[in-house]
Amino acid sequence: LGKKPMKPSHKAVVHQSEGGFLAIRQGNWKLICAPDSGEWKKPETGAKKPDLPAVQLYDLAKDVGETRNLQSEHPDVVKRLTALLGKYIAHGRSTPGQPQKNDITVDLWNPPPKSPGQ
């Protein structure tokens, strides 16, 4: 249309799992703030694997199946994405503008309790 491309309004995308755990994706990186989800469980029993790290970090350009947790190899990325997600929670939003109050208490490391019927 002859117009300049618009800049994205988000620096990152925030996800929430069915269990309420938060994740953030920025560029190729995805940080999941939970030790166990998806491939980290034994599929035949659903049992958790012991001694998992507190977070999961994946390079989705190289590992779209999220099979290799890179958190120990890239602590700088974990720190940066954790801080960005914390900022979004504190501001009640991920877009530019005045901070807003969250509708519920948001804890980066603990999902909210499920309401009856969930």
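# Exercises on pocket, strands and salt bridges

Helix H1 contributes the most to the lining of the largest pocket, namely three residues. The model is predicted, with local features requiring pLDDT of at least 70 and side-chain atom pairs pLDDT 80 or more, while totals for chains, interfaces and linings use all residues. Residues are numbered from 1 along each chain as its sequence is written, and side-chain values rest on heavy atoms, without hydrogens and water.

**Exercise 1. State which secondary-structure elements the protein has and in what pattern they follow one another.**

Solution. Step 1: the protein has one helix and four strands, taken as DSSP runs numbered from the N terminus (helices H or I, at least four residues; strands E, at least two). Step 2: along the sequence the pattern reads β-β-β-β-α. Step 3: of the 118 residues, 27% count as buried, where buried is under 20% relative accessible area, exposed over 50% and partly exposed in between (1.4 Å probe, protein chains only).

**Exercise 2. Describe how strands E1 and E2 are joined.**

Solution. Step 1: E1 (residues 13-16) and E2 (residues 22-26) run antiparallel and are joined by four bridges; two strands pair if DSSP finds at least two bridges between them. Step 2: Gln-16 has Leu-22 in E2 as its bridge partner. Step 3: the two strands form a hairpin with five residues between them, and Gly-20 in the turn has a positive phi of about 95°.

**Exercise 3. Characterise the largest pocket by volume and lining.**

Solution. Step 1: its volume is about 280 Å³. A pocket is an open set of points on a 1 Å grid over the protein atoms alone, where a 1.4 Å probe fits, with protein on both sides within 12 Å along at least five of seven lines; lining residues have an atom within 4 Å of a point. The volume is the space filled by probe spheres set on the points, which are joined across faces, edges and corners. Step 2: among the 21 lining residues, Val-14, Gln-16, Leu-22, Ile-89 and Val-106 are the closest to the centre. Step 3: E1 and H1 are the elements that give two or more residues to this lining. Step 4: by class, the lining has twelve nonpolar, seven polar and two charged residues. Here Ala, Val, Leu, Ile, Met, Phe, Trp, Tyr, Cys and Pro count as nonpolar, Asp, Glu, Lys and Arg as charged, and the others, Gly among them, as polar.

**Exercise 4. Find the salt bridges and place their residues.**

Solution. Step 1: the count comes to two, a salt bridge being a side-chain nitrogen of Lys or Arg within 4 Å of a carboxyl oxygen of Asp or Glu. Step 2: one is formed by the side chains of Glu-66 and Lys-30 (2.8 Å, N to O). Because Glu-66 lies in the loop between strand E4 (56-59) and helix H1 (75-91) and Lys-30 in strand E3 (residues 29-32), the pair ties together parts that are 36 residues apart in sequence. Both Glu-66 and Lys-30 are buried, and Glu-66 has a positive phi of about 50° although it is not a glycine. Step 3: the side chains of Arg-68 and Glu-73 also meet in a salt bridge (2.8 Å, N to O). Arg-68 counts as partly exposed at 48% relative accessibility, and Glu-73 counts as partly exposed at 42%.
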